[in-house]
Amino acid sequence: MPNSLAMTGRAHKSLMSHLLPGDGLESAAILLCHSGRGREGFRLMVKECLPVPINDCSNRSKDRLSWNFEKFFFPEKITEIDRQGLSLITVHSHPNGYSDFSSVDNMNDRELFRSVCSWFDDRRPNGSAIMLPGGKLIARTVDATGRFNPIETITVASDTIRIWKTKRRNRRVPGYGLRVSQTFGKGTFELLRRMRVGVVGCSGTGSIIIELLARNCLGNLVIIDPDVVEKKNLNRIVNARKKDADRKIPKVEAIRKMVAAMGTGVRVDAYQADTTSPAVIEALADCDVVFGCVDTARGRYHLECIATAFFLPYFDIGVNLEADGEGGIVQADAVAHYMHPENSSLISRGAYTSEQVTAEGWRQVDREHYEAQRIAGYLAAVGEDQPAVISINMQATCLAFNDFLSRLHNFRLDHNAEFAVQRFRLVHGAYSNEAAKGKPAPVFQKFLGMGDRSFLIQNLKSHAD
């Protein structure tokens with residue numbers, strides 16, 4: 001099962017400061033986590049970190065640590081943890097660099113979690129973790145019987161994306177991966193081979209980002225789009241064929257076959273649905289990173305709800321193209337945004353408005369009501385499809401893809417924080433980048449990392465009923 005643990009950059013920095021203070025001795029902390037259910041596993045999001053004060057530790061050495069767990073969990077605290085549905089992860093450091101749980105760790109965890117699991121009536125995941133010098137984390141769940149299961153992925157969602165996967169034997173780099181490995185190193189290549197990335201929207205920019213991910217030897221793609229291939233898509237969906245349009249093949253199915261034909265060993269999970277589908281939400285909760293390639297405010301809002309709830313690093317790709325109707329171009333902008341739990345939201349940046357989300361919702365469910373309210377001035381006008389030019393789509397998509405690579409491999413001279421928004425203005429021939437300003441919009445900040453308990457996620461799923 002691809003179980004995962006995610007935290008913010010601030011939480012990881014605080015945890016690292018406490019667990020690795022520089023004295024070479026072990027330290028401990030407790031993580032309280034919200035959880036979310038995926039299609040194949042669960043995802044834990046760190047809500048709170050409780051450092052165990054050094055003065056409360058006994059027998060603290062470079063390879064051993066004792067502390068009074070019960071001191072932190074009196075009955076009222078346990079009741080509150082249970083009420084919020086939180087999972088508990090104990091974490092301690094291995095400053096000597098030993099990259100596995102010791103036999104003493106195993107013995108202590110079996111004894112501790114036999115008790116912890118008895119606090120709750122459900123089967124919520126609980127477990128333990130170790131932190132190594134440099135901040136790398138290794139984690140596992142521990143059930144009431146003392147059985148250990150590795151947490152496959154640990155993510156720090158910040159300006160630089162840090163992802164640690166469970167151990168796997170080194171494999172020879174295949175011929176189609178040699179150039180990727182030579183450019184970014186075997187470590188980054190191996191990470192890409194084991195990553196799961198969601199792409200929502202498989203048309204103009206979506207098909208291109210899928211092409212780039214697949215050609216760079218990604219391990220697993222989760223692709224999502226409710227529509228079928230039409231003739232109007234043939235000039236912008238990479239490798240789309242006339243016979244796909246004639247047969248009205250679902251976009252995700254056409255692209256899945258295209259990726260399989262590449263022969264780069266990429267697994268593709270395809271969903272012909274939108275972001276209100278519970279199956280889609282669960283599939284995205286299993287992902288390491290998400291790309292949004294939608295052209296509606298409503299779609300962007302849904303993706304921000306999901307990314308916020310599950311601490312998912314989120315790249316948004318957009319194109320703004322305005323033609324004058326007489327063969328000229330008024331404006332042609334390629335835009336790439338990057339969001340993580342601690343920086344500003346798309347709605348905060350003005351990429352869309354709540355009025356647009358409301359208007360698009362009414363237009364979809366009740367066109368007559370929408371038109372009446374729009375004419376009366378109560379709803380925003382919903383724009384028609386913009387002209388599509390594949391070269392500008394490629395420009396926007398390459399901005400986002402190279403940003404993704406830099407946040408994994410960190411090859412830029414400037415800090416990644418300076419590239420939260422990137423724009424290329426074709427008419428002006430100008431490129432610009434800027435840092436994110438502010439925090440997530442209040443509607444998202446309130447539900448950060450709450451997973452399935454997020455009202456935003458519950459509300460999305462209710463629209464599918």
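These legends go with a set of close-up views of a predicted model.

**View 1. Helix α5 packs against helix α12.** Here we're looking at α5, residues 206–215, next to α12, residues 390–409. Their axes sit 9 Å apart, at an angle of about 45°, so the two helices are oblique to each other. The crossing of α5 over α12 is right-handed. On the α5 side, the contact is built from Ile-208, Ile-209, Leu-212 and Leu-213. On the α12 side, look for Ile-390, Asn-393, Met-394, Thr-397, Cys-398, Phe-401 and Phe-404. Sorted by class, that contact has nine nonpolar residues and two polar ones, with no charged residues.

**View 2. Glu-211 sits in helix α5.** We stay with α5 but move to another of its residues, Glu-211. Is Glu-211 buried or exposed? With a relative accessible area of 18%, Glu-211 is buried, since the cut-off for buried is under 20%. Leaving aside residues up to four places away in sequence, Glu-211 touches Val-238, Asn-239 and Met-262. Take Met-262: in sequence, Glu-211 and Met-262 are 51 residues apart, and in space their C-alpha atoms are 9.6 Å apart.

**View 3. Helices α8 and α9 cross at roughly 45°.** The two axes come within 10 Å of each other. The angle makes α8 oblique to α9, and the crossing is right-handed. Which residues make the contact? From α8 come Ile-281, Leu-284 and Ala-285, and from α9 come Leu-303, Ile-306 and Phe-310. By class, this contact has six nonpolar residues, with no polar and no charged ones.

View 4. Glu-282 counts as buried, at 12% relative accessibility, whereas Arg-39 is partly exposed, with a relative accessible area of 46%.

**View 5. Arg-300 of helix α9 pairs with Asp-316 of strand β16.** Another salt bridge shows up here, with 3.0 Å from N to O. Arg-300 is in α9, which covers residues 297–310, and Asp-316 is in β16, which covers residues 314–323. The two are 16 residues apart, and their pairing links distant parts of the chain. Buried or exposed? Both Arg-300 and Asp-316 are buried.

**View 6. Arg-147 and Asp-143 form a salt bridge.** The side chains come together at 3.1 Å, N to O. Asp-143 is partly exposed, and its relative accessible area is 21%.

View 7. How many salt bridges does the structure hold? The count for the structure is 26.

Conventions
Residues numbered from 1 in each chain as written. Predicted model: local features only at pLDDT ≥ 70, side-chain atom pairs only at ≥ 80, totals over all residues. Heavy atoms only, no water. Axes fitted to C-alpha atoms, helices over the stretch in contact; angles between N-to-C directions. Helix = DSSP H or I, 4+ residues; strand = E, 2+ residues; numbered from the N terminus. Parallel < 35°, antiparallel > 145°, perpendicular 65-115°, else oblique. Left-handed = near helix turned anticlockwise from the far one by under 90°. Contact = heavy atoms within 4.5 Å. Nonpolar A, V, L, I, M, F, W, Y, C, P; charged D, E, K, R; others polar. Salt bridge = Lys/Arg side-chain N within 4 Å of Asp/Glu carboxyl O. Buried < 20%, exposed > 50% of the residue type's maximum accessible area, 1.4 Å probe, protein only.
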